[in-house]
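Here are my notebook entries from a first look around this structure.

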Amino acid sequence: MIVLPTTSNEQVAAVATDAIKKLAGFPEGMEIIFPSDKGDDTDLEIIASQCSSLGRVRVLALVVKLFSVSRSAASTIYSLNLLQLLEAEIRNADDTLVTLSVLELIYELAEIEHGTEFLSKTSIFQLLSSMISHNSMESILRSRAMMISGRLLSKDIIYSFTDEPCVKAVISSIDGRLQSLEASDRDECETALESLGHMGSSIQGATLLLSGSSPAARHVINAAFERQGPTGHGKQLAALHALGNISGETRSENNIILNAEEEENLRRLIYETASRSSKLTPSGLFLSVLQQDSEIRLAGYRMLSGLVARPWCLMEICSKQEIINKVTDPSTETTKIGMEGRYNCCKAIHKSLTVSSRVSANPAFAGIAAKFQEAVGMGPYLVKRHVEAQPAVITADRF
């Protein structure tokens with residue numbers, strides 16, 4: 001007999017879930033959990049329909065745990081339409097806590113290796129898009145829907161199973177929210193920017209974010225270079241990291257540069273943002289970022305590491321001696337993560353300098369290339385200069 005985790009006792013439910021998950025690791029166990037005869041005492045769909053809200057969440061959590069056991073178990077769960085139980089709870093959305101719990105379970109599904117394939121075959125993207133666009137929906141639910149969307153669309157494999165219109169609908173819903181958010185909606189704004197950044201880490205996602213006459217990535221670029229004081233710190237930080245992802249900092253070397261249209265949109269958006277600011281040029285914007293606090297600088301290093309693969313960005317960096325000095329100075333950062341971020345930025349700029357035909361043919365850039373080569377050779381961590389021994393002069397003790 002299988003004891004299902006529908007009890008209100010959390011400890012008992014956890015033990016029951018763990019036991020059933022272990023049982024699912026054996027082929028015979030799957031036959032016990034999912035018998036061929038539908039409608040018996042262990043039919044999870046029937047049990048869920050007869051439970052309280054807490055009991056339904058317990059059953060859905062069990063479904064997710066079983067889904068993670070193996071691809072075979074996931075296939076069985078999908079074929080039995082048990083993922084539709086999750087969809088049904090989201091459609092109801094009568095109880096915020098229950099809906100939030102179900103969204104957490106879907107987030108967990110999105111992190112499972114084979115979860116993307118099966119989730120893409122459901123109506124999950126339509127549901128998430130609808131939640132994000134729903135103005136009367138609780139902000140925390142919209143934010144969670146955005147984060148799940150970002151996680152799913154950060155994986156290249158999902159685009160093999162999902163229709164492009166579904167992806168565009170999700171991006172459009174986030175775009176719409178960013179246009180309608182008030183200045184006071186800081187948390188939701190930061191979540192939306194972070195979600196776009198996750199999407200931009202995949203080349204297909206970055207392409208869609210930079211496509212069209214009014215790309216969704218414009219929100220990221222505007223916020224990345226918009227200083228709003230302490231209240232806008234989180235927004236700028238999220239946007240800079242998102243721009244780093246979109247520009248290719250997390251992608252493999254062969255997948256950094258996008259198609260001509262998207263690359264032109266990226267360049268145009270950054271130059272337009274600079275022209276509307278007091279800095280006037282992208283190099284001025286970049287320097288402004290590097291002159292801020294350590295968190296912003298770290299995000300700035302990531303952003304430049306991705307952008308510098310573009311010749312126009314390389315020229316902007318080389319045109320600003322203050323940027324060169326800041327990035328090559330090993331004493332700029334004092335924390336390990338900061339030192340490594342600065343060093344990785346140095347390496348990316350140095351690499352672009354060595355492969356750029358415009359730089360190699362111009363002797364004026366020889367000194368810049370040499371400076372970055374020296375910085376890369378020093379390594380990421382602060383190198384203490386050799387100090388000659390000097391005699392110590394001590395005032396004589398007086399009695």
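**Entry 1: the lining of the largest pocket**

I began with the largest pocket, where α18 (294-307), α19 (311-318) and α21 (336-355) each supply at least two lining residues. Helices here are DSSP runs of H or I with at least four residues, strands are runs of E with at least two, and both are numbered from the N terminus. With five residues, α21 gives the most to this lining. I counted 20 lining residues, and Ile256, Ser305, Ala309, Lys351 and Ser352 lie nearest the centre. The lining divides into eight nonpolar, seven polar and five charged residues.

The space in the largest pocket is about 390 Å³. On a 1 Å grid over the protein atoms alone, a pocket is an open set of points with protein on both sides within 12 Å along at least five of seven lines, a cavity is a set where a 1.4 Å probe fits but cannot get out, and lining residues have an atom within 4 Å of a point. Points are joined across faces, edges and corners, and a volume is the space filled by probe spheres set on them.

**Entry 2: ground rules**

I noted that this is a predicted model, in which local features need pLDDT of at least 70 and side-chain atom pairs count only at pLDDT 80 or more, while totals for chains, interfaces and linings use all residues. Residues are numbered from 1 along each chain as its sequence is written, and side-chain values use heavy atoms, leaving out hydrogens and water.

**Entry 3: the whole chain**

I found 23 helices and zero strands. Of the 399 residues, 50% count as buried (under 20% relative accessible area; exposed is over 50%, partly exposed in between, with a 1.4 Å probe and protein chains only).

**Entry 4: helix α10**

Is α10 largely enclosed or left open? Eleven of its 15 residues are buried, so the rest of the structure largely encloses this helix. Among the buried ones I listed Leu141, Arg142, Met146, Ile148 and Leu152. Their cover includes α7 (96-111), α8, α9 (124-133), α11 (164-180) and α12 (186-200).

I also checked the length of α10 (residues 139-153): at 1.5 Å a residue it should span 21 Å, and its end C-alpha atoms are 21 Å apart, which agrees. The expected span is 1.5 Å times one less than the number of residues.

**Entry 5: two residues**

Threonine 116 sits in helix α8 (residues 115-119) and is buried, at 1% relative accessibility. Not counting residues up to four places away in sequence, threonine 116 touches Leu152, Lys155, Ile157 and Ile158; contact means heavy atoms within 4.5 Å.

Lysine 326 belongs to helix α20 (residues 321-328) and is partly exposed, at 27%. Leaving aside neighbours within four places, lysine 326 is in contact with Leu290, Arg297, Thr332 and Arg342. Lysine 326 and leucine 290 are 36 residues apart in sequence, with their C-alpha atoms 7.5 Å apart.

Notes
Nonpolar A, V, L, I, M, F, W, Y, C, P; charged D, E, K, R; others polar.
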